[in-house]
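Hi,

Here is the structure I promised to pass on.

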Amino acid sequence: MNDTDATNAERDPYGTGAAGRASASPERHTVERLVPAWLAETERHDPAAAHEARAGWERGSLSGRAAQDLATWVTARVTDTGFNEDEGPRVHGAVRITPADKDAVHRWLAARGHRI
């Protein structure tokens, strides 16, 4: 990471573009793909938590609770388990989530200071 990247990360730790440019990391792309599905599902089950999480996402600072909820959600929603139909269950969901996607989200959250 160079000084410019470090400065942008300080101004925009979630890479939301608030600092004038979004992070192009693979983890960021995964998070951007999955967060809308997480927020939609959270909205159906806990509107207040979804509102808090959405507000944090939009301002670039997920709360500790929201970060833990995202980490738990992505772990529970892994849909591409590598099993075939005879070996184990296939989890159906709104988006395809691989174990690598789960790991990317966890890395992304950890890089922003969240304990996962």
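**What I found in it**

α2 passes α3 in a left-handed crossing. Before I go on with that pair, please keep in mind that this is a predicted model.

First, the overall picture. Of its 116 residues, 34% are buried. If you take the contacts with a separation of 6 or more, 56% of them are between residues 24 or more positions apart.

Now back to α2 and α3. Helix α2 covers residues 26-45 and helix α3 covers residues 47-59; they pack at an angle of about 155°, and their axes are 7 Å apart. An angle over 145° counts as roughly antiparallel, which is why α2 gets that description relative to α3. On the α2 side the contact uses Arg28, Val31, Glu32, Val35, Trp38, Leu39, Thr42, Glu43 and His45, and these meet Pro47, Ala49, Ala50, Ala53, Arg54 and Trp57 in α3. Sorted by class, that contact holds nine nonpolar, two polar and four charged residues.

α2 also packs against α4, this time at an angle of about 100° with the axes 11 Å apart. Angles from 65 to 115 degrees count as roughly perpendicular, so that is the label for α2 and α4. Here Leu34, Val35, Ala37, Trp38 and Glu41 come from α2, while α4 supplies Ala66, Asp69, Leu70, Trp73 and Val74.

Leaving out residues up to four places away in sequence, Glu41 touches Trp73 and Arg77. Asp69 sits in helix α4 and has 32% relative accessibility, so it counts as partly exposed. Between Asp69 and Ile116 there are 9.8 Å in space, C-alpha to C-alpha, although the two are 47 residues apart in sequence.

α4 has another partner in α5. These two helices pack at an angle of about 165°, with axes 9 Å apart, and that makes α4 roughly antiparallel to α5. Their crossing is left-handed. The residues that meet are Ala67, Leu70, Ala71, Val74 and Thr75 in α4 and Lys102, Val105, His106 and Leu109 in α5. By class, they come to six nonpolar, two polar and one charged.

One last stop is the loop between α4 (64-76) and α5 (99-111), where you will find Thr98. Thr98 is buried, because its relative accessible area is 13% and the cut-off for buried is under 20%. What does the side chain of Thr98 have 2.9 Å from one of its polar atoms? The backbone nitrogen of Asp101 is there. Once neighbours within four places in sequence are set aside, Thr98 is in contact with Val78 and Asp80.

If you open the model, I would begin with α2, which packs against α3 and also against α4, and then follow α4 over to α5.

Cheers

Terms used. Residues numbered from 1 in each chain as written. Predicted model: local features only at pLDDT ≥ 70, side-chain atom pairs only at ≥ 80, totals over all residues. Heavy atoms only, no water. Axes fitted to C-alpha atoms, helices over the stretch in contact; angles between N-to-C directions. Helix = DSSP H or I, 4+ residues; strand = E, 2+ residues; numbered from the N terminus. Parallel < 35°, antiparallel > 145°, perpendicular 65-115°, else oblique. Left-handed = near helix turned anticlockwise from the far one by under 90°. Contact = heavy atoms within 4.5 Å. Nonpolar A, V, L, I, M, F, W, Y, C, P; charged D, E, K, R; others polar. Buried < 20%, exposed > 50% of the residue type's maximum accessible area, 1.4 Å probe, protein only. Polar contact = N/O pair within 3.5 Å; in protein donor to acceptor, adjacent residues only side chain to side chain.
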